[in-house]
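Please read each point with the structure open.

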Amino acid sequence: MFYPMYFDSTYMLVLIGVIICMVASAKMNATFNRYSRVRSRSGLTGREAAERILYSAGIRDVRVEHVPGNLTDHYDPRRKVLRLSDATYNSNSVAAIGVAAHECGHAIQHETGYVPLAVRGSLVPIANFGSSIAWPLILIGLFMNSGMSALLLNLGILAFSLAVLFQIVTLPVEFNASGRAVKILGSTGILYEDEVKDTKKVLKAAALTYVAGAASAILQLLRIVLLANRRND
């Protein structure tokens with residue numbers, strides 16, 4: 001007999017995912033806050049470092065703009081705009097410069113036609129659609145007592161899998177951007193060797209948040225599959 005999702009053992013998978021994400025987020029915030037108090041000897045702000053990196057890479061058509069929020073930094077490939085947050089834009093800390101360099105890494109990926117970035121970009125609308133439609137299909141399939149329930153569950157699992165795929169594809173894109181950032185900061189002399197080591201710690205902590213997000217999504221997908229199998233039994 002199938003019982004609804006309330007108080008079932010598969011909630012442990014959700015709990016594990018939540019804990020993983022919380023630990024990764026706490027690690028990221030603590031690491032960033034620590035190194036945001038370490039001023040770079042160059043005195044460059046995140047904005048100035050980003051502009052210098054883009055110029056050294058031969059990229060002249062990407063604007064560097066300020067965006068409100070804390071660690072809301074991102075590169076917009078459609079508008080070719082690199083947006084730096086409150087904690088990064090005017091800060092001259094090694095943490096801010098590291099984050100700015102990471103976003104420049106995405107701009108360089110875009111400029112050089114880095115394939116995983118293009119794949120991730122093509123998955124955005126599909127993943128957004130999948131994540132929005134997945135749970136309605138899954139919930140209807142779990143509670144519907146008809147021959148359509150299995151079909152709806154399978155469609156929901158497929159839709160959610162697209163969102164999980166996006167999370168997985170994101171990992172090499174983020175790792176590569178961080179790797180580019182470290183190399184650029186060392187080769188251009190924006191940061192000294194000991195400062196680059198500090199920046200690596202910030203970028204590694206940031207990378208853990210993406211790993212945690214992917215792990216949580218996979219655990220959620222596993223839970224859905226287990227619920228679907230239980231429903232079919």
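1. Leucine 71 is partly exposed, with a relative accessible area of 24%; here buried means under 20% relative accessible area, exposed over 50%, and partly exposed in between (1.4 Å probe, protein chains only). This leucine 71 sits in the loop between E1 and strand E2 (74-76). Its phi is near 55°, a positive value in a residue other than glycine. Along the chain leucine 71 and serine 85 are 14 residues apart, yet their C-alpha atoms are separated by 5.6 Å.

2. On provenance: this is a predicted model, in which local features need pLDDT of at least 70 and side-chain atom pairs count only at pLDDT 80 or more, while totals for chains, interfaces and linings use all residues. Residues are numbered from 1 along each chain as its sequence is written, and side-chain values use heavy atoms, with hydrogens and water left out.

3. Lysine 80 is placed in the loop between E2 and E3 and is partly exposed, its relative accessible area being 21%. As background, most residues other than glycine have a negative phi.

4. For the overall layout, the protein has six helices and three strands. Helices (H or I, at least four residues) and strands (E, at least two) are DSSP runs, numbered from the N terminus. The pattern along the sequence is α-α-β-β-β-α-α-α-α. The C-alpha atoms fill a box of roughly 65 × 35 × 25 Å, taken along the principal axes. Of the 233 residues, 46% count as buried.

5. How many salt bridges does a search of the whole structure find? The search finds eleven, a salt bridge being a side-chain nitrogen of Lys or Arg within 4 Å of a carboxyl oxygen of Asp or Glu. A network of salt bridges links Arg63, Glu65, Asp76, Arg78, Arg79 and Arg83.

6. Glutamate 65 counts as partly exposed, at 26% relative accessibility, and arginine 83 counts as buried, at 16%.

7. Arginine 78 and aspartate 76 also meet through their side chains in a salt bridge (3.7 Å, N to O).

8. Another salt bridge joins the side chains of arginine 41 and aspartate 194 (2.8 Å, N to O). The two residues come from distant parts of the chain, 153 residues apart: arginine 41 is in the loop between H1 and helix H2 (46-56), and aspartate 194 is in helix H6. Aspartate 194 is partly exposed, with a relative accessible area of 39%.

9. Which residues form the positive surface patch? They are Lys27, Arg34, Arg37, Lys197, Lys200, Lys201 and Lys204. Patches are made of residues with over 30% relative accessible area and no salt bridge; like charges are joined within 9 Å, and nonpolar side chains (Val, Leu, Ile, Met, Phe, Trp, Tyr) within 5 Å. Lys and Arg count as positive and Asp and Glu as negative, while His and the chain ends are not counted. The place of a charge is taken as NZ of Lys, CZ of Arg, CG of Asp or CD of Glu. Accessible areas come from the Shrake-Rupley method with a 1.4 Å probe, and for residues only the protein chains shown count as cover.

10. Helix H1 (11-35) and helix H6 (193-232) each supply at least two residues of this positive patch. H6 gives the most, with four residues. Lysine 27 lies in helix H1 and is partly exposed, with a relative accessible area of 46%.

11. The count of aromatic pairs comes to one. Rings of Phe, Tyr and Trp (its six-membered ring) pair if their centres lie within 6.5 Å; planes under 30 degrees apart count as stacked, over 60 as edge-to-face and the rest as tilted. The rings of tryptophan 135 and phenylalanine 160 have centres 6.4 Å apart and planes at 70°, so this pair is edge-to-face. It links distant parts of the chain, tryptophan 135 in helix H4 (residues 115-143) and phenylalanine 160 in helix H5 (residues 149-188), 25 residues apart. Tryptophan 135 is partly exposed, at 24% relative accessible area, and phenylalanine 160 counts as buried, at 10% relative accessibility.
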